[in-house]
Amino acid sequence: MPPAPIIHAAQSLRASRLWRCALHVTVCAAIAFSSGCSMLRFGYDQADNIAAWMADEYFDLDASQKNDFLARFDRLHQWHRYEQLPDYVQFLSAVKQKTQRPVAREDAVWLVESVRARYRTLVMRGSRDASELLATLTADNIRALERQWERDNRRFVREHRLDDAADERRRTAAGRALKQIREWAGSLTQEQEERIIALQAEIPLVQHLRHQDRLRRQREFMQLLGMRGDKREFEAKLRHWLLHWDSGRAPEYERLQTEAYEKRIAFYLAIDRMLTPRQRMAVLDRLQNYIEDFRRLADRGRHVAESR
């Protein structure tokens, strides 16, 4: 069931919070985070407003910074709509084709790597603007970021039940997996639910280590900001940091992440094999809805570009 590894890959991608506001809005479309197709179209068309709100939430930008952000984001958004969305149509069409039959491990690996490649394309396109925007941050902006991070980190602990026992964290993870699969495949039988819960229990719990790694990445980002006085060096280091988001992990986290990756692949392959024809059709229909939405958004972008 390929859409689930897409979501897993995307959730592993961590970027700087300012430009991640922009990247998140555009990557969302590619990886089907949206809860529905009409919301996807609405969210993509309102990406500038959403991104500006997110950037302001994290940095409490002044009027000049907001205008600068919007101008740069508009360029990224127009490029993404005109250049990238057609590629997403082709990509999801290939996903749909592979999903029509039971998928193999190489299909799932291809899917995850394809998402990562599109993330890298966005970083390469947007990292210069990101570095120039971040160079304008004041001490007040950085304090606002630290306060927002504190709220985010508390929410992460709460949502992943990190203060609870392992059994409770496993129940939470199983509940999320069931919800995600129902969103794509529809209702599940009791036998399927029990099998999914058992499969989920085999995946190592890494959220506590992921939390520690989040804190490490936040510290790294603060160190990066200290280099923003040197434009050339800062841009190069920021781009490297965004591209190599999985480097520098603690050995235990790296080991468990590798194990969890293989277990998740096996998890989704097992789910794919238990899908009924009706459930597989539900997955294919949802993929087709996204494909049609991306195609319409891309066509709209082409018409806008041609009219300029």
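**Exercises on a predicted helical model**

The buried residues of helix H7 are Asn141, Ile142, Ala144, Leu145, Gln148, Trp149, Asp152, Asn153, Phe156 and Val157. The coordinates are those of a predicted model.

**Exercise 1.** Determine how the span of H7 compares with the span expected at 1.5 Å a residue.

*Solution.* Step one: take the residues of H7, which run 139-159 and number 21. Step two: take the distance from the first C-alpha of H7 to the last, which is 30 Å. Step three: compare this with the expected 30 Å; the helix comes close to that value. Just beyond H7, arginine 161 adopts a positive phi of about 55°.

**Exercise 2.** Classify the packing of H6 against H12, and describe the residues of their contact.

*Solution.* Step one: locate the helices, H6 at residues 105-134 and H12 at residues 251-274. Their axes approach within 10 Å and cross at roughly 120°. Step two: assign the class; because of this angle, H6 is oblique to H12. Step three: assign the hand, which is right-handed for H6 passing H12. Step four: list the partners. From H6 come Arg105, Ala108, Val109 and Val112, and they meet Tyr261, Glu262, Ile265 and Leu269 of H12.

**Exercise 3.** Describe the protein as a whole in terms of its elements, burial and contacts.

*Solution.* Step one: count the elements, 13 helices and 0 strands. Step two: consider burial; 51% of the 308 residues count as buried. Step three: consider the contacts with a separation of 6 or more, of which 83% join residues 24 or more positions apart.

Methods
Residues numbered from 1 in each chain as written. Predicted model: local features only at pLDDT ≥ 70, side-chain atom pairs only at ≥ 80, totals over all residues. Heavy atoms only, no water. Axes fitted to C-alpha atoms, helices over the stretch in contact; angles between N-to-C directions. Helix = DSSP H or I, 4+ residues; strand = E, 2+ residues; numbered from the N terminus. Parallel < 35°, antiparallel > 145°, perpendicular 65-115°, else oblique. Left-handed = near helix turned anticlockwise from the far one by under 90°. Contact = heavy atoms within 4.5 Å. Nonpolar A, V, L, I, M, F, W, Y, C, P; charged D, E, K, R; others polar. Expected span 1.5 Å × (residues − 1). Buried < 20%, exposed > 50% of the residue type's maximum accessible area, 1.4 Å probe, protein only.
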